[in-house]
Amino acid sequence: MSFLQPLLSGILTGGVYALAGMGMSLVFGVMNISNFAHGDLMMLGMYMAFFAFTLLHIDPYVSLVLIIPTAFLFGFMVEKLFINRVIHHPHQNQILLTIGLGLIMSNTALLAFTSDPKILTTTYSSSAFNLPGGISLSVPLLISFLITGVTIAILYLFLAKSRTGMALRATSQNREAAQLMGINVAKMSAIAFGIGTALAATAGALIAPTYYIHPLAGHSFLLKAFTICVLGGLGSVVGAGVGGIIIGVVEAMSSTYWSTDWKDVIVFVLFLAVLLFRPQGLFGKKGGE
Amino acid sequence: MLDIQNLNAGYGEMPVLRKLNITIADGEIVSVVGSNGAGKSTLLKAISGIIKSTGIITWNNELLHTLKAHTIVQRGIVHVPEGRKIFPDMTVVENLMMGGYLCQKDCQQNLDRVFTLFPKLAQRRNQLGGTMSGGEQQMLAIGRGLMGNPKLLLLDEPSLGLSPLFTEIVFGAIRTINSSGVTVLLVEQNVYQSLSISQRGYVIEIGRIVLTGTGEELLNNQEVKKAFLGM
């Protein structure tokens, strides 16, 4: 089999991982909080896409137009109601709170949607796009990768150029100084959490047509998103983007050349190696951890 | 004018400032001098709302200490913090733009004003703040403060860790800023330099004002000479 096949599929899957990781990294950067509910927010995105498809008959990719603002508002409210109460507290309190919120979300989903996995089948779910050389790329993965690219470009422009985006970066670089500039840092935290939630839900919706939709589906993605954040450097949005692609490619390569059962092992060995040799992450700052 | 009465402030349960009284009239440069840990930075943080305080702080007859930090900036009180605290991964221009975050009009004019005061910042406009030297970062921190169009500028140890050359530049800039109509509250360990450019000064010790007078009176005071000037 061609070397290009796992490389390209890895990059396509990695794009979605990148999206999930970037949301988590942005939240960490601005708020200095590790959001352990991130995977469950992804799961909510999967269900939103599922119900938009089954109840409203909207294509899962088109439904992002509804999912993104809904998820942003949801995240904004969750921050205002819960997260901002622990923002000056020790990390263990913050972790307990976000894990708790995640458990409430996944268990509410279990109650409401049962533990039966749902499958979102579109007309193109199993179709593939064939390239010369016997390489075939899954059409839904290809579409989701394109959407991921556009989303990341918009996020980048927002953070680089807009007034609010710059204020978010300033808050993440020095919270106290940001306050002295007249930036309402409490509002920035809520906006960051809203964007993080929207990115998680987008990633969830993007994988909905290719994965089983299940109330506990978020848990494996939480671990992945966290690994990606640490790999890229906690708080570095660019690092999370690169980290996501790396994890995607490593997974695809190890499944192809070794065994699917071992792919998680390889990912975590890589994770440990980064922690050992470059604890600040690929794009992190020394002492930033 | 800024009027501080019976100010108590600190971190957690630890009081740092005790029943402090200070007034600053419009157009003045006022210095607060004292040794490390006397409460100088705490005073500025209490005024700018970074830490909570009790007592009364009024600014042009409006109560300040009940407001949040970002709304105090809107009143024209800008705090340039100790250690400069510039945004390391932002360029010089981006740092200045953040200083003008609340700016609605005359923003370009403010930028020109900063570049005239510190021409070096104009040359380095696209350099990342974190890669600049201490002296350049201090210019950037003061410039960033000016972008907020201050009526009252709170400066915390602007000469800390600077070479004599940069110290001269910074104190010169403070005079220029003041002569353009900005009231300045200067907190310094460089007692001689700061009292020399101040109309009035306060000496603070373990959270209390122990001495006050004009800059010249304090410079000639025996105790100030002994404690701070090594004479």
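Reader: A residue is buried if 20 or more other C-beta atoms, placed from the backbone, lie within 10 Å of its own, exposed if 12 or fewer, and partly exposed in between. By that count, how many residues of strand 8 of chain B are buried?

Author: Six of the six, residues 183-188, so strand 8 of chain B is largely enclosed by the rest of the structure. Strands here are DSSP runs of E with at least two residues, helices are runs of H or I with at least four, and both are numbered from the N terminus. This is a predicted model: local features need pLDDT of at least 70, side-chain atom pairs count only at pLDDT 80 or more, and totals for chains, interfaces and linings use all residues. Residues are numbered from 1 along each chain as its sequence is written, while chains are lettered from A and ligands numbered from 1 in the order in which they are written.

Reader: Which residues of strand 8 of chain B sit on each side?

Author: On one side are T183(B), L185(B) and V187(B), and on the other V184(B), L186(B) and E188(B). Both faces are covered.

Reader: What does strand 8 of chain B pair with?

Author: Strand 3 (residues 29-33) of chain B runs parallel to strand 8 and is joined to it by five bridges; two strands pair if DSSP finds at least two bridges between them. In that pairing S31(B) faces L186(B). Strand 7 (residues 152-156) of chain B also pairs with strand 8 in the parallel sense, over five bridges, with L153(B) opposite V184(B).

Reader: How does the chain get from strand 7 of chain B to strand 8 of chain B?

Author: Through helix 7 (residues 164-179) of chain B, in a right-handed β-α-β crossover. That hand means a clockwise path from the first strand over the helix to the second, with the strands pointing away from the viewer.

Reader: And the sheet, what is the strand order?

Author: For chain B the order is 6-7-8-3-9-10, an open sheet of six strands with mixed pairing. Neighbouring strands are turned by 15° against each other on average, direction ignored; axes are lines fitted to C-alpha atoms, for helices over the stretch in contact, and angles run from 0 to 180 degrees between N-to-C directions.

Reader: Where does helix 7 of chain B pack?

Author: On the sheet, where helix 7 touches strand 3, strand 7 and strand 8 of chain B. Its direction makes about 155° with that of strand 8 of chain B. Contact means C-beta atoms, placed from the backbone, within 7 Å.

Reader: Parallel or antiparallel for strand 9 of chain B and strand 10 of chain B?

Author: Antiparallel, with six bridges joining strand 9 (residues 200-205) to strand 10 of chain B. G201(B) stands opposite G213(B), and R200(B) opposite T214(B). The hairpin has two residues between the strands, and I206(B) takes a positive phi near 35°.

Reader: What about strand 3 of chain B and strand 9 of chain B?

Author: Those two pair in the parallel sense over four bridges. S31(B), which faces L186(B) in strand 8, stands opposite G201(B) in strand 9 of chain B. Five of the six residues of strand 9 are buried, so strand 9 is largely enclosed by the rest of the structure.

Reader: Changing topic: how many residues does the contact take from chain B and chain A?

Author: There are 20 residues from chain B and 14 residues from chain A. Helix 2 (69-74) and helix 3 (92-99) are the elements of chain B that give two or more residues to its side.

Reader: And chain B overall, how many helices and strands?

Author: Ten helices and ten strands. Of its 231 residues, 48% count as buried. The C-alpha atoms fill a box of roughly 45 × 40 × 30 Å along the principal axes.

Notes: Two residues are in contact if their C-beta atoms, placed from the backbone, lie within 7 Å.
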